[in-house]
Every structure is written in structure tokens, then in C-alpha cells.
Amino acid sequence: MAKLALNVLFGLIAPLVADRLTKLYFMKQSADSGFVLFSGLLETTQHRNYGVVANFPLPMAVIFILTAVAIFFVLLGLIRAWKKSDRWQSAWFMLILAGALGNLWDRAQYNYVFDWILLFGRSALNLADIFIILGLIGLVFTRRSWKMEGRIWKMEVGRRTSDAGRPMP
């Protein structure tokens, strides 16, 4: 039970807290006090995202329903990975869940998602978005195996098996 608590603490709660703290910090900064790390590449901003990905407008009720459905499937994936003792997939699912909960928290509290990282002068995002993206990339790569053939790395899709251990078509 202690191991489960540690995994949830570091895999879910720590990213959620990091997201909340960074959002609160950058919300309190004035719009003029942002900083530029690489001109036109990476800077801070204050952006209110009332839509979904890329500010695509949807009614708030639809956004909450879609988010709830996504969280449901992430939880199913997390439970399945946990039962298979797949640490990496569990970690990736927890990271996605932390990101989804962080953005859901914003929507529930402010009716928008606060984004504070500006990439390429046009794409606004926050740590929660980064966690979701990293989790999805991690899931893709843990479902694949890489092997060296000559001088070229090739990706192989892992063979799926049924619960009985037989290969699936």
C-alpha cells in the first residue's frame, strides 16, 4: 500500500501541484513582466483559453463532457496498466491524468484554461498541456520496441495477445 501511495504521489499529485503553482505564479505577474528566453521561440505570456485545443470554440458543457469521457478512458488505461504491473504505462497514464485534471481545475474555477508558455510566438500552453503531450508520446513509445538492423533503427509494434496469452490477429 505504501508503494501505491508513493506512485500516486509522484506520478499524479506532484505534476498536478507543479501545474497549479506555476499557473498561480504567472497569473499574479503583470502582463508586461513576462520574460523571453529565446526571441520568437519561447517566452511567457498570460493567455485565457476559452476553447479546447488551439482555442477551438465549444460550449463549456461540451468541453466538460469530453473531458470527463477522456478522463474515464485514461483511468481505464491506468487501471489496466497497473494490473499488468506495467510501471511505464502507469506513469504515462498518471501524467496524462494530472494534466487533464489541472486543466479541468482551471475550467471549473475560472471558466477558461490559463496558459502561460508561448511557443513560436503563437502556441500558448501550460505545464498540464506538456504533461498530456509527454504522456501520449510515452504511451506511443512504450507500446513499441526499437531494434537495430544494420545502421538503421526500426520500430516494431509489440504483438498483442489475448488474456489467454494467444496472439491476436
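Among contacts in the protein between residues at least 6 apart in sequence, what percentage join residues at least 24 apart? The share is 58%, where contact means that heavy atoms lie within 4.5 Å. The model is a predicted one, in which local features need pLDDT of at least 70 and side-chain atom pairs count only at pLDDT 80 or more, while totals for chains, interfaces and linings use all residues. Residues are numbered from 1 along each chain as its sequence is written, and side-chain values use heavy atoms, with hydrogens and water left out.

**Overall arrangement**

The protein holds four helices and six strands, and along the sequence they follow the pattern α-β-β-α-α-β-β-α-β-β; these elements are DSSP runs numbered from the N terminus, with helices being H or I of at least four residues and strands E of at least two. Of the 169 residues in the protein, 30% are buried, a term for a relative accessible area under 20%, computed with a 1.4 Å probe on protein chains only.

| Helix | Residues | Span, first to last C-alpha | Expected span |
|---|---|---|---|
| α2 | 24 residues | 34 Å | 34 Å |
| α3 | 24 residues | 34 Å | 34 Å |

In α2, the buried residues are Met60, Ile63, Thr67, Ile71, Val74, Gly77, Leu78 and Ala81, and the buried residues of this helix pack against α3. An α-helix has 3.6 residues a turn, so residues three or four places apart point the same way. Just after α2, Ser85 takes a positive phi of about 55°, and α3 is likewise followed by a residue with positive phi, Asn111, at a value near 75°.

Lys23 is buried, with a relative accessible area of 0%, and Asp19 counts as buried at 0% relative accessibility. The side chains of Lys23 and Asp19 make a polar contact at 3.0 Å, that is, a pair of N or O atoms within 3.5 Å of which, within protein, one must be able to donate a hydrogen and the other to accept it, residues adjacent in sequence counting only if both atoms are side-chain atoms. Leaving aside neighbours within four places in sequence, Lys23 is in contact with residues including Gly102, Asn103, Asp106 and Trp116, whereas the contacts of Asp19, counted with that exclusion, are Gly102, Asn126, Leu127, Ala128 and Phe131.

In helix α4 lies Leu139, which is buried with a relative accessible area of 13%. Beyond its neighbours within four places in sequence, Leu139 is in contact with Gln89, Trp92, Phe93 and Ile96; the C-alpha atoms of Leu139 and Phe93, which are 46 residues apart along the chain, are separated by 7.7 Å.

**The lining of the largest pocket**

The largest pocket is lined by 29 residues, of which Asn49, Val52, Val53, Asn103 and Asp129 lie nearest its centre. On a 1 Å grid over the protein atoms alone, a pocket is an open set of points where a 1.4 Å probe fits, with protein on both sides within 12 Å along at least five of seven lines, and lining residues have an atom within 4 Å of a point. The largest share of this lining, six residues, comes from α2.

Definitions and conventions
The expected span of a helix is 1.5 Å times one less than its number of residues. Buried means under 20% relative accessible area, exposed over 50%, partly exposed in between (1.4 Å probe, protein chains only).
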